[in-house]
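Hello,

Here is the structure I promised to hand over. Please open it first, then read the notes below.

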Amino acid sequence: PYANRLIAIYNRNLFEATIAIAWNLYDASGDRKYLNDIYLYSELTKKSLRDKLLLQANNVKLIAKKFKQANIEDVQKKLKDKNTLFVEYYKENTIIAITKDTSLFIHLSDAIRADSLINKLIYEQKKNDAKNYSSTSNLIYRTFLLPAIEKCNVDVNELIISPDGELCKLSFASLNIGESDGINDFRKINYLIKKAKVRYVTSATDFINEEDDSTRYNGKMIVF
């Protein structure tokens, strides 16, 4: 089993090709089983990347540790309430959105480039350019996150995000979810964090295997 995990670490390209084929098959047939394949291989790519980093850090013990592979139902059970949304990205063009009641898959056009938008956003932040930052961050929000929120039809108060690719560089919490015209002050931007709690996980599998806060908290507080 450990050898199989090592093989998987160096087969991310194979998983990527499989996901592309699954999208093509789904577009041609409409059969939801191909969406389940997309979810499965998205999880496997994230696990292979995590294990590769652990291997480079010589943390073989954690690589060999067995984790329960998360399915969509596992994620739904773990979500706190109906206002919590789990969003998993594969690269930048596949979005998997999960709530207590539903799950959906969104395939963005391959022409959409997250890297250029995020690099532009970082540049505007460094230049203290609130006007363009507000506009660019709102475009990123409407492109990569709003479709999942709208299609799930949920009033989100907590977002759990598993980013991938260039989106790993992005602070979703600092995205502008409001108007962008005429804003010249960073303090006046309607940031996502003002509406919803945002936290990040490496994958759905890591999300369902993490301990609950109540389990980790021992009732003691240390103040410095």
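Start with the rings: Y89, F172 and Y200 are linked into a cluster by ring pairs. Rings of Phe, Tyr and Trp (its six-membered ring) count as a pair if their centres lie within 6.5 Å; planes under 30 degrees apart make the pair stacked, over 60 edge-to-face, and the rest tilted.

Before going on, note that this is a predicted model: local features need pLDDT of at least 70, side-chain atom pairs count only at pLDDT 80 or more, and totals for chains, interfaces and linings use all residues. Residues are numbered from 1 along each chain as its sequence is written, and side-chain values use heavy atoms, with hydrogens and water left out.

Aromatic pairs

The count by the ring rule is 5 aromatic pairs. One of them joins W23 and Y26 edge-to-face, with 6.1 Å from centre to centre and 75 degrees between the planes. Both sit in helix α2 (residues 12–29), 3 residues apart, so about one helical turn separates them. Helices here are DSSP runs of H or I with at least four residues, strands are runs of E with at least two, and both are numbered from the N terminus. W23 is buried, at 4% relative accessible area. Y26 is partly exposed, at 26%. The cut-offs: buried is under 20% relative accessible area, exposed is over 50%, and partly exposed is in between (1.4 Å probe, protein chains only).

Now back to the cluster. Y89 and F172 have ring centres 5.7 Å apart and planes at 25 degrees, so this pair is stacked. Y89 belongs to strand β1, while F172 is in the loop between β4 and β5 (197–200), so the pair ties together parts 83 residues apart in sequence. Y89 and F172 are both buried.

A charge over a ring

K78 lies over the face of F207, 5.9 Å from the ring centre. The rule asks for NZ of Lys or CZ of Arg within 6 Å of the ring centre and within 35 degrees of the ring normal.

Positive phi

Which residues have a positive phi without being glycine? K91 does, at about 55 degrees. K91 is in the loop between β1 (84–90) and β2 (94–98). Its relative accessible area is 36%, so K91 is partly exposed. N153 also has a positive phi, near 55 degrees. The loop between α8 (146–152) and β4 (158–162) holds N153. N153 is exposed, at 71% relative accessibility.

Best wishes
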